[in-house]
Amino acid sequence: EMDAEPEDAACGAGSYIDLLTRDPAADFERLERWIRAVTETLRAVPAKASRVELVLRRAWVNEAPGYGTTWFVEGCGATPRRARQAWNEALLLSLPVIMDPQLMELRGSGR
């Protein structure tokens, strides 16, 4: 699941960030297109002992019902230090894709 040998998956580190758009036009279909494009781009990023996952879900946005995306980043390693390193690498590799202005246009006004 994280492209790691069992002995390199003894420890883990992870985080999640909820992403909300301020654009009221960002409906489910637009956010889904954005998630698919980000996922496809991330598949080409070489990263070992880690994974990135995006989950589209209902959320309250600006006091109105809407949708949000939860961005999960996880890393594993033989030691806690190695797990944190894998998590950090996955976070740093995926951040530019998440923030890519061209991909952001798929979800709304780019905000």
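These are my notebook entries on a few spots I looked up in this predicted model.

**Entry 1: Thr70**

I started with Thr70, which is found in strand E3, residues 64–77. Is Thr70 buried or exposed? Its relative accessibility is 5%, so I put Thr70 down as buried, the cut-off being under 20%. Next I looked for polar partners of the side chain. The side chain of Thr70 makes a polar contact with that of Asp18 at 2.7 Å, and another with the side chain of Arg57, also listed at 2.7 Å. Leaving out neighbours within four places in sequence, I found Thr70 in contact with Tyr16, Ile17, Asp18, Glu53, Leu54, Val55 and Arg57.

**Entry 2: helix H2**

I then checked the length of H2, residues 80–98. Its 19 residues should span 27 Å at 1.5 Å a residue, and the end C-alpha atoms are 26 Å apart, which agrees. Which residues of H2 are buried? I noted Ala83, Ala86, Ala90, Leu91, Ser94, Val97 and Ile98. They cover an arc of only 135° around the axis, so they sit on the same side of H2. On the other side, Arg81, Arg82, Leu92 and Pro96 are exposed. I also looked up what covers the buried residues of H2: the cover includes E1 (11–19), H1 (28–43), E2 (50–61), E3 and H3 (101–104).

**Entry 3: the core**

The largest nonpolar core has 18 residues, and those touching the most other members are Trp34, Val38, Leu54, Trp71, Ile98 and Leu103. H1, E2, E3, H2 and H3 each give two or more residues to this core. H1 gives the largest share, six residues. I followed up on Trp34: beyond four places in sequence, Trp34 touches Leu19, Thr69, Ile98, Leu103, Met104, Leu106 and Arg107.

**Entry 4: salt bridges**

- Arg36 pairs with Glu32, with the closest N and O atoms 3.2 Å apart. Both lie in H1, four residues apart, about one turn of the helix. Arg36 is exposed at 57% relative accessibility, while Glu32 is partly exposed at 28%.
- Glu40 and Arg43 meet at 3.2 Å, N to O. They are three residues apart in H1, so about one helical turn separates them. Arg43 is exposed, with a relative accessible area of 63%.
- Glu53 pairs with Arg51, the closest N and O atoms being 3.5 Å apart. Salt bridges with shared partners join Arg51, Glu53 and Glu74 into one network. Glu53 is partly exposed at 33%, and Arg51 is partly exposed at 25%.

Note on methods
Residues are numbered from 1 along each chain as its sequence is written. This is a predicted model: local features need pLDDT of at least 70, side-chain atom pairs count only at pLDDT 80 or more; totals for chains, interfaces and linings use all residues. Side-chain values use heavy atoms; hydrogens and water are left out. Buried means under 20% relative accessible area, exposed over 50%, partly exposed in between (1.4 Å probe, protein chains only). A polar contact is a pair of N or O atoms within 3.5 Å; within protein, one must be able to donate a hydrogen and the other to accept it, and residues adjacent in sequence count only if both atoms are side-chain atoms. Contact means heavy atoms within 4.5 Å. The expected span of a helix is 1.5 Å times one less than its number of residues. The arc is that of the directions from the helix axis to the C-beta atoms. A nonpolar core is a set of buried Ala, Val, Leu, Ile, Met, Phe, Trp, Tyr and Cys residues joined through side-chain atoms within 4.5 Å. A salt bridge is a side-chain nitrogen of Lys or Arg within 4 Å of a carboxyl oxygen of Asp or Glu.
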